[in-house]
Amino acid sequence: MVFAAFLGFAGTFWQLTTAPGITGRPAQSASIGIPTVCTSGITTLPFMVLLLVGLLPKLGVLRGKINYKSLTYIYIVSLISSYYLAWLSPCSSWGVFFGARIQDPDIMEQYVSWFMAPPPEIAEGILAGGMSPPWADLLPSMIFWWIYTFLNAVMMLSWATIFRRNWIELEKVPFPHVLAAYELLSRAGAEETRWKRTLSVFAIGMILGVIFQMPIMMSDLFPWFPDIYGWRTNTCTSGQWYVTPDSPLSSIVGLATAQKDPLAVAIAYFAPLSVLFNIWFWYFVCIVILSQVAFNMGYYTGITDVDGCGRIWCNEYLAYGEPFKWQAVSSGAAFGLALLIIFHSRRYLLETIKAALGRLRPEERAQLERNEPLSYKTTYMVFAASFVLLVVMYLVMGLSLASAVIIQVSILTFWLAFARQVGIAGFFYMGEHKTNPLARLLLYPMAPEQLNRDFVLLAYFTNIPINSPENGFQVGGNFFSSFYAYQMANLTSTSNRNAFLTVLASSVVLPIAVLFGFYYTIYTLGISKIPGNWAVYGCNKLLSDVDAWNLAPAADPWAPHFFAGVLATAVLSILHARFIWFPFEPIGFTLAISKAVLPWGIWSSALAAWILKTITLRVGGSKLYENVGTPLASGFIAGYMSVLIVGTIIAHIKFWFPF
């Protein structure tokens with residue numbers, strides 16, 4: 001808990017005072033949260049900590065005290081911390097309500113209760129800075145959001161615990177991020193002789209990672225350094241190249257972006273070949289070929305005159321436009337994936353429910369629960385209690401009971417699908433305005449002409465908490481971290497109960513530690529000195545989500561496209577399960593048509609990884625893959641992250657002493 005408190009407070013201060021590079025934010029070269037390849041959700045801090053801690057015994061410090069189990073706990077705490085530190089954005093969580101007090105206090109008074117943010121005169125203190133935080137005035141909202149964030153963490157931890165045995169022990173879901181971290185952890189915790197014996201291939205991968213990332217870090221933090229990889233040209237901060245109107249490729253309307261960061265290839269290398277194949281195959285079929293056919297039929301007028309980002313985000317083009325409305329289709333596909341997960345797990349879930357209700361013989365229940373951190377009865381009770389308490393908190397905020405339940409169901413279903421995607425493929429469906437279909441179908445088909453608190457808050461809570469794992473009170477981050485913790489515990493033969501307690505303790509400490517660190521920094525320095533858009537002032541996310549309601553996940557009629565996505569995922573799942581030879585499966589399909597591919601260009605990473613992994617398995621089989629391919633990819637990720645250690649130190653110095 002002390003380690004978590006330190007990372008929460010000090011890490012927040014560090015992240016807020018990290019100078020951005022030429023890319024505009026400390027993501028590419030200096031972040032201790034999520035670097036490039038946002039849609040992977042991989043974070044830097046766990047790798048940084050494992051690298052630094054793993055060096056200590058080699059330097060004669062703490063020799064004999066660093067082992068697999070201690071490193072597992074260190075990994076879990078730093079992992080959860082990294083999501084809390086990843087993106088301290090004004091639009092990500094409680095900062096929205098704080099900033100609303102400053103920007104539009106009269107209007108926001110209708111939608112933001114007194115306990116959700118301090119009064120305007122208190123909030124405005126961040127503008128000038130140079131003052132001690134008014135803790136007494138801030139404390140009510142801090143306590144409220146601390147409780148809310150903790151309850152979400154408990155709900156997602158118990159939700160993951162229910163599926164733990166099925167995913168980790170029975171289905172062997174790989175979780176590529178954990179496999180990469182385990183390769184580093186296993187070397188950091190190994191005895192010196194074994195460490196030297198197993199280092200060679202891994203070390204080559206590290207060298208390659210350093211060689212690639214070092215020039216990017218230097219060119220981002222030092223304008224005079226040459227842009228060797230062309231990262232400043234037609235490249236977004238999240239690593240993807242985008243087509244320009246003057247490019248020879250601009251006539252291919254679906255070829256909007258391609259991911260150029262090999263970090264994504266290293267992550268994808270751990271995914272099954274069938275999933276990698278389906279990602280790039282369905283991208284070419286649906287986004288490239290079908291969109292080109294639609295363009296030739298008169299759709300997407302003017303799309304060739306805009307760049308790749310505009311082809312996705314602007315007007316009603318690829319993501320939202322007729323005839324396909326891929327955003328609506330992909331939302332349906334993700335929701336359908338969640339339903340299929342529950343359907344295919346029905347016997348397993350029924351068995352856990354019987355155990356929880358005491359309808360199994362004692363010896364059967366003991367056999368089922370022998371590796372569980374809690375009994376199924378306790379797990380379901382914790383899950384139900386956190387669900388109900390969160391509904392109560394929504395009611396206190398001013399939402400209706402129906403809206404509160406819809407928010408919770410949306411969070412549980414969509415994050416279940418996203419966890420499955422990242423657990424299998426290493427990437428997930430990231431992006432805003434994709435997860436309000438249930439609310440639109442059942443509550444507000446269109447935004448009401450006269451806004452009310454229920455609708456305004458519903459629009460926010462069905463969007464941001466299900467956007468990305470680090471946004472929206474780290475709901476998804478806590479869910480991912482819970483599965484990652486159990487997977488790492490499984491790999492290192494660590495107690496699942498201890499892994500559970502580590503996640504739980506971190507979830508108690510981190511929210512309040514981050515809040516203290518955040519308010520201390522912005523009141524002391526003032527937002528004018530905070531780089532980029534880290535502070536809580538600059539956008540009114542409450543109203544922007546309201547404005548997007550009628551267009552999310554697409555404009556009417558969108559329901560047929562949504563249910564088409566549900567149906568397509570179901571058909572692929574049934575056929576893939578029924579026929580061994582059937583090459584198409586739902587995970588790759590749901591990613592290929594989503595914002596994992598459209599804005600971030602993951603199709604190219606999947607294609608490159610598919611080629612490399614196919615060659616590896618054809619040449620040397622699983623032995624070559626396990627002994628060379630996996631250590632090489634893991635080493636590349638570790639080397640990549642090691643450069644970010646240097647980058648974040650330089651960027652922090654640059655904040656205090658600009659150069």
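Biologist: On what basis are residues numbered and values taken?

Modeller: Residues are numbered from 1 along each chain as its sequence is written, and side-chain values use heavy atoms, with hydrogens and water left out. As this is a predicted model, local features need pLDDT of at least 70 and side-chain atom pairs count only at pLDDT 80 or more, while totals for chains, interfaces and linings use all residues.

Biologist: Why is α8 called oblique to α22?

Modeller: Helices here are DSSP runs (H or I, at least four residues), numbered from the N terminus. Helix α8 covers residues 135-170, and helix α22 covers residues 475-491. Their axes are 8 Å apart and meet at an angle of about 40°. Axes are lines fitted to C-alpha atoms over the stretch in contact, and angles run from 0 to 180 degrees between N-to-C directions. Angles under 35 degrees count as roughly parallel, over 145 as roughly antiparallel, 65 to 115 as roughly perpendicular and the rest as oblique. The angle of about 40° therefore makes α8 oblique to α22.

Biologist: What is the hand of the crossing of α8 with α22?

Modeller: The crossing of α8 with α22 is right-handed. That word applies if the near helix is turned clockwise from the far one by less than a right angle, and left-handed applies if anticlockwise. The crossing of α8 and α18 is left-handed.

Biologist: Which residues of α8 and α22 meet, and how are they classed?

Modeller: Contact means heavy atoms within 4.5 Å. Among the residues of α8 in this contact are Trp 159, Phe 163 and Arg 164, and those of α22 include Phe 479, Phe 483 and Tyr 486. The contact of α8 with α22 has twelve nonpolar, six polar and one charged residues. Ala, Val, Leu, Ile, Met, Phe, Trp, Tyr, Cys and Pro count as nonpolar, Asp, Glu, Lys and Arg as charged, and the others, Gly among them, as polar.

Biologist: What makes a set of residues a nonpolar core?

Modeller: Such a core is a set of buried Ala, Val, Leu, Ile, Met, Phe, Trp, Tyr and Cys residues joined through side-chain atoms within 4.5 Å. The largest one has 210 residues, and Phe 97 and Phe 461 have the most contacts inside it. Helix α8 gives the most to this core, with 15 residues. Not counting residues up to four places away in sequence, Phe 461 touches Phe 97, Trp 145 and Tyr 148, among others.

Biologist: What makes the phi values of Lys 172 and Phe 175 worth noting?

Modeller: Most residues other than glycine have a negative phi, and most peptide bonds are trans. Phi of Lys 172 is near 55°, and Phe 175 has a positive phi of about 50°.

Biologist: Where are cis peptide bonds found?

Modeller: One joins Glu 322 and Pro 323, with omega about 5°. Another joins Asp 556 and Pro 557, with omega about -5°. Pro 323 is in the loop between α14 and α15, whereas Pro 557 lies in the loop between α24 and α25.

Methods:
Helices (H or I, at least four residues) and strands (E, at least two) are DSSP runs, numbered from the N terminus. Buried means under 20% relative accessible area, exposed over 50%, partly exposed in between (1.4 Å probe, protein chains only).
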